Amino acid sequence: MINPSVHGWIDKYFAEQQPLPQTFPSDELAFYSQTRATGFIFGHIISFDTPKPIAQQDWLPEEISKLGMLNTLFQMYRLTRQNNDFGHFINETVAFYNLLTPKGFNPLQKMLASSSPASKLEKIIHERVQTNEDLFSKNFSHVITNALLFIDVLAFKQYLDKGALPEKYFNRIEDSVISVISLSLKTKTGISAHDDLLLKLFESSVRYNKFSPTTIPNIEALDLSYLQNDLEKFYIIDLAGISLWSDEQVENEERYFLYKLGEKLGIADTFVLDSITFVNTFISKYKAEIPYFNNSNPVKTFYDQTTDSVVVLIKRNKNRFLKEITESKELMQLLAKSTHKDLDKDEKKKIKKQLLDICKTVPSLTIFLLPGGSLLLPILIKFIPKMLPSAFNENAE
């Protein structure tokens, strides 16, 4: 089984998918339609476009995004190169990302020179699916992973086609996205409850521009001349559709906006209609699962989502976690005591320090060492007795 949080997952992905089919995406529209069906375009992945089905099991949102990112990049490679050479794909992808030096991200500084190309790509993808917020903020605001990952795929196509990346490509595509989303939100006949969360999603996902409402008065004033590729145009229309969606419908005025946008981009009305239909069907079906369409109590949402993630991580690392805990008699006694009695300040400090030391030794639990990660320790402490009851029964005596 693939585990996108464990080293070697890319090699395992390609090993499990062998032999790869000799049929390739026939054109850009076919590629885009297949990608959109997975939910990757919307930042909410429901499936993977793979020859052999992959069950998400108990994966965390970040892990789902990592595999979705890898697979979509590979499908773009298959479309462009019309072959299945995954070794060459990995090398090409690493070379592509090495051209980039986004703010706060330089893959060359994070990799050992001796790392294999697949290992390098694992580290790169791990970085790319992150938002630009810290751990606490992105959970608190419902923003789990980068919602604009498809821009990476668009840029990868440019690299594959030209062997280079046009100057400031990311800046210009992001600028187009920001302009269209901002204007589409202004066009809405009514502001829905999810609009603030949707803006937060995009604000947290842009890397090269500051996301701020534009002063563009109408669609006629939009400058979309930089968009030359059909994939870029398809993407822009879908993002506008997501921004306009509310209450399971798109009003006539909003439909008019989308058709005018399609006309401005030179995209057929048939695609615009298909986009409206698909966005409505997708969001209506998965709305309850999509964080930015659920304007619930943010504090409760943070603890609900984070608690689920902590439980998954503990279950995966149960044996090793138990071994590390049981090696500290003092920690076991304090944890057992905490289940039926309040600890004093010094005891709480001891638990925190010892648990953080344990987390340093278990790679999957380094989430607790990230900025804001210590806020999750009370959740971890609360669930330890439930996960490891026998250990506490034995040591509480």
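Residues are numbered from 1 along each chain as its sequence is written, and side-chain values use heavy atoms, with hydrogens and water left out. Because the model is predicted, local features need pLDDT of at least 70 and side-chain atom pairs count only at pLDDT 80 or more, whereas totals for chains, interfaces and linings use all residues.

When neighbours within four places in sequence are left aside, Leu 261 is in contact (heavy atoms within 4.5 Å) with Val 180, Ile 219, Leu 222, Leu 224, Ile 236, Ile 237 and Ala 240.

Across the whole structure, 24 aromatic pairs are found, a pair being two rings of Phe, Tyr or Trp (its six-membered ring) with centres within 6.5 Å, counted as stacked if the planes are under 30 degrees apart, as edge-to-face if over 60 and as tilted otherwise. The rings of Phe 31 and Phe 150 are stacked, because their centres are 6.5 Å apart and their planes stand at 25°. This pair links distant parts of the chain, 119 residues apart, with Phe 31 in helix H2 (residues 28-38) and Phe 150 in helix H8 (residues 150-162); helices here are DSSP runs (H or I, at least four residues) numbered from the N terminus. Phe 31 is buried at a relative accessible area of 1%, and for Phe 150, also buried, the value is 1%. Phe 74 and Tyr 77 form a stacked pair as well, with ring centres 6.3 Å apart and planes at 15°; both residues lie in helix H3 (residues 61-81), three residues apart, about one turn of the helix. Ring pairs join Phe 74 and Tyr 77 into a cluster whose members include Tyr 13, Phe 14, Phe 86 and Phe 89.

The charged end of Arg 36 sits over the ring of Phe 278, 4.6 Å from its centre, under a criterion that places NZ of Lys or CZ of Arg within 6 Å of the ring centre and within 35 degrees of the ring normal.

How values were computed:
Helices (H or I, at least four residues) and strands (E, at least two) are DSSP runs, numbered from the N terminus. Buried means under 20% relative accessible area, exposed over 50%, partly exposed in between (1.4 Å probe, protein chains only).
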